[in-house]
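Me: Can you walk me through this structure? I'm new to it.

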Amino acid sequence: MHILKRFFLFGGLILILAACGNGGEQAQAGEQEAPAVYKIGAIYSKTGPNSPLGEPEWNATVLLEEMINAEGGINGVPIKVILADDESTQEKATQEMNRLIHDEGVLAVLGSSGSGESLAMKGIAMQNEVPMISAAASVRIVEPVEESYWVFKTPQSDRHAAERIYVYLNDTGISKVGILHDSNAFGESGREQLELFAPEYGIEIVAIEQYNTNDPDMKSQLTRINSAGAEAVIVWGTNPAPAVIARNMKELGLDLKYIGSHGIANQRFIELAQDAAEGVVIPTGRMLFPEQIPDDDPQKEVLMNFYNAYVERFGSEPTNFGAYGHDNFMLIVEALRNGATTRADIRDYLEHNNHDWVGATGIFNFSPEDHNGLTPDSLVMAVVENGEWRLLDH
């Protein structure tokens with residue numbers, strides 16, 4: 001009996017020690033699983049034709065990484081952003097996307113600046129189940145949503161911009177328009193949305209013309225649009241071509257209202273178009289002129305805090321594109337701060353826990369049906385007056 005008793009006592013001791021040992025291993029494993037750093041990838045167009053978009057997005061990412069880490073990181077863990085320049089090409093965007101996922105092992109990827117580059121990255125994000133937040137406009141990036149499970153975006157979609165333009169046209173009594181769009185993904189997507197919503201707003205599209213991104217002259221397209229009886233021309237593209245079109249219109253002496261897309265919402269357009277920019281109207285995010293936004297606007301504090309920090313750090317204005325960079329980064333920070341520290345958890349947090357989140361671009365409400373989370377109200381209308389963008393509506 002004593003032998004059996006000693007056996008069970010000994011066996012019990014072994015089990016207790018084993019349990020303690022396993023607990024210690026699990027604790028150590030838990031400690032090992034706690035990351036030394038949160039690695040995030042970001043692909044923006046630092047160089048190439050999209051650099052006016054990509055540079056402020058790049059700068060915003062650098063600034064916010066510095067600010068977050070100076071405050072102690074994410075719950076004590078620093079964040080490390082691995083920035084990559086896609087040089088405004090789909091090929092480089094694809095190459096960098098693969099590198100960041102497979103070689104760097106990032107938790108999520110931000111970018112890119114252009115719609116074509118973002119669409120090229122989208123397939124890789126989906127295939128590898130990595131959350132991606134784009135800074136490009138095309139609605140195709142997040143639609144159809146069942147084919148965009150891992151992909152989100154922060155800029156207003158071209159759908160929002162098209163609707164905002166049509167509301168403006170209704171308010172000003174213009175009903176006949178011509179469309180002049182870039183042949184790239186951004187331009188094609190804009191044309192699609194303009195055509196889709198025209199009947200709903202009573203707008204007649206009398207002519208549709210296109211150009212290639214680097215074309216030096218669009219006078220022939222403008223002449224055809226004017227001859228078709230258009231009262232306004234809607235130009236859908238990013239610099240430099242829209243500025244060339246503005247100069248072409250002035251040279252031709254056309255009495256057409258120039259309405260641009262949100263893709264030219266920066267000072268660069270005015271610099272390139274010079275005095276031909278006067279009177280150009282666009283839909284835009286509020287970051288283009290944060291000081292003009294009313295104080296009771298829910299975004300005002302976010303806008304001014306980011307704007308002031310950016311100007312102090314870089315000596316230039318962030319523009320709307322910097323706002324996209326801000327929101328891309330801070331959405332990931334929000335997820336990490338709330339315990340979403342794996343790729344799947346980040347994706348799920350963005351889709352299910354993002355309600356009335358106030359960003360620099362707008363107030364976001366992501367859902368399983370909407371991976372953009374914005375409405376046309378996130379845009380205001382702006383006009384060039386005396387060489388500056390001015391808020392049209394208050």
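The chat below covers one histidine and then the pockets.

Reply: This is a predicted model, where local features need pLDDT of at least 70, side-chain atom pairs count only at pLDDT 80 or more, and totals for chains, interfaces and linings use all residues. Residues are numbered from 1 along each chain as its sequence is written, and side-chain values use heavy atoms, without hydrogens and water.

Me: Where is histidine 262?

Reply: Histidine 262 is in the loop between strand 9 (257-260) and helix 9 (267-273). Helices (H or I, at least four residues) and strands (E, at least two) are DSSP runs, numbered from the N terminus.

Me: Is histidine 262 buried or exposed?

Reply: Histidine 262 is buried, at 3% relative accessible area. Buried means under 20%, exposed over 50%, partly exposed in between (1.4 Å probe, protein chains only).

Me: Which backbone oxygen does its side chain reach?

Reply: The side chain of histidine 262 reaches that of glutamine 156, at 3.2 Å.

Me: Switching topic. What volume does the largest pocket have?

Reply: About 370 Å³. Asn50, Gly114, Ser115, Asn184 and Phe186 are the closest to its centre, out of 28 lining residues. A pocket is an open set of points on a 1 Å grid over the protein atoms alone, where a 1.4 Å probe fits, with protein on both sides within 12 Å along at least five of seven lines; lining residues have an atom within 4 Å of a point. The volume is the space filled by probe spheres set on the points, which are joined across faces, edges and corners.

Me: Which helix gives the most to that lining?

Reply: Helix 4, with three residues.

Terms used
A polar contact is a pair of N or O atoms within 3.5 Å; within protein, one must be able to donate a hydrogen and the other to accept it, and residues adjacent in sequence count only if both atoms are side-chain atoms.
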